Amino acid sequence: MKKLGVFICHCGVNIAGTVDVKSVAEKIGKIGDVAHSTDYIYMCSDPGQQTIRDAIREKGLEGVVVACCSPSMHENTFRKAVRSQGMNPYLCEIANIREQCSWVHQKEKDTATKKAVEIIQSTLEKVRQNESLEAIAVAINRRVLVIGGGSLASPRLSTWPRGAMRLSSLKGTLLWVVTWRSFSRPFQISIQPWPVFSPTCQRLKNTPRSACAVMQNWKTSRVRGQF
Ligand code: SF4
């Protein structure tokens, strides 16, 4: 059984104005494998991060949950903090109790507090299952396969859909466009023929025709893995 630590952030009043962080910390602290449960006003501040580092060192924590904002804000911050104490960074997870809890339940404090506990409990379960990981480098090339570009390939289209807008930044990239022909025949795909497809390539910031591959009558036999 891993020894886990939970750190609950107030974010000033962003979280603590709605969620009763003290009672959450107390409740989470009663879970068997939680060796340390505490709250702090700004967990991403230097003193907040130091709280995490100290607890890892003093309690010998083997996994960490930081209950705070979206992982897009500070997941890296906290993963760096745990790594500085020799913990694998992927044993640190974020429980989002701000955007997914306090901000959307501002008039329901009891509900928000219960929900914060549940979010932390489910994140704890993830940390229990987590394994140490190492980042790897993977060789890439400048080829892009676009799936679902049916309207993209239309020369009559006056306004571009969102996917096409993204493609417009791929200047100089080898481009394969695959369109789904029929939803009644899943996995059957085909490429738009050149008369339709070529103008589209030119609209992609003059990507040369030679940089676009045309493959007709494609049919997938099986799909393995996922992105
Ligand atoms: S970690 Fe996130 S929730 Fe906590 S103080 Fe910083 S920004 Fe606010």
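Trainee: At roughly what angle do the axes of helix H2 and helix H6 cross?

Mentor: In this predicted model, helix H2 covers residues 21-29 and helix H6 covers residues 109-129. Their axes come within 10 Å of each other, and the crossing angle is roughly 40°.

Trainee: How many residues of the contact of H2 with H6 are nonpolar?

Mentor: From H2, the residues Ser23, Val24, Lys27 and Ile28 take part. They meet Thr113, Ala116, Val117, Ile120, Gln121 and Leu124 of H6. Of the residues in this contact, 1 is charged and 3 are polar, while the number of nonpolar ones is 6.

Trainee: Which strands stand at the edges of the sheet?

Mentor: The open sheet consists of 4 strands with parallel pairing, in the order E2-E1-E3-E4. A strand at an edge has a single partner strand, so one of its sides is left without a neighbour in the sheet. The strands in this position are E2 (34-40) and E4 (92-96).

Trainee: Which residue in E2 is the bridge partner of Phe7?

Mentor: Strand E1, residues 4-9, pairs with E2 in the parallel sense over 6 bridges. In E2, the bridge partner of Phe7 is Thr38.

Trainee: With which residues is Thr38 in contact, leaving aside its neighbours within four places in sequence?

Mentor: Thr38 lies in strand E2. Its C-alpha atom is separated by 8.9 Å from that of Val21, which is 17 residues apart from Thr38 along the chain. Contact requires heavy atoms within 4.5 Å. With sequence neighbours within four places left aside, the contacts of Thr38 are Val6, Phe7, Ile8, Ala25 and Thr51.

Trainee: Which strands does helix H4 touch?

Mentor: Helix H3 (residues 46-59) lies across E1, E2 and strand E3 (63-68), and runs at about 165° to E2. Helix H4 (residues 71-83) also packs on the sheet, and its direction makes about 150° with that of E4. The strands that H4 touches are E3 and E4.

Trainee: How many residues of the shell around the ligand are charged?

Mentor: The ligand is surrounded by Cys9, Cys11, Ile15, Tyr42, Cys44, Cys68, Cys69, His74, Phe78 and Arg98. The shell divides into 8 nonpolar residues and 1 polar residue, and the number of charged residues is 1.

Methods. Residues are numbered from 1 along each chain as its sequence is written. This is a predicted model: local features need pLDDT of at least 70, side-chain atom pairs count only at pLDDT 80 or more; totals for chains, interfaces and linings use all residues. Side-chain values use heavy atoms; hydrogens and water are left out. Axes are lines fitted to C-alpha atoms, for helices over the stretch in contact, and angles run from 0 to 180 degrees between N-to-C directions. Helices (H or I, at least four residues) and strands (E, at least two) are DSSP runs, numbered from the N terminus. Ala, Val, Leu, Ile, Met, Phe, Trp, Tyr, Cys and Pro count as nonpolar, Asp, Glu, Lys and Arg as charged, and the others, Gly among them, as polar. A residue is near a molecule or strand if one of its heavy atoms lies within 4 Å of it. Two strands pair if DSSP finds at least two bridges between them.
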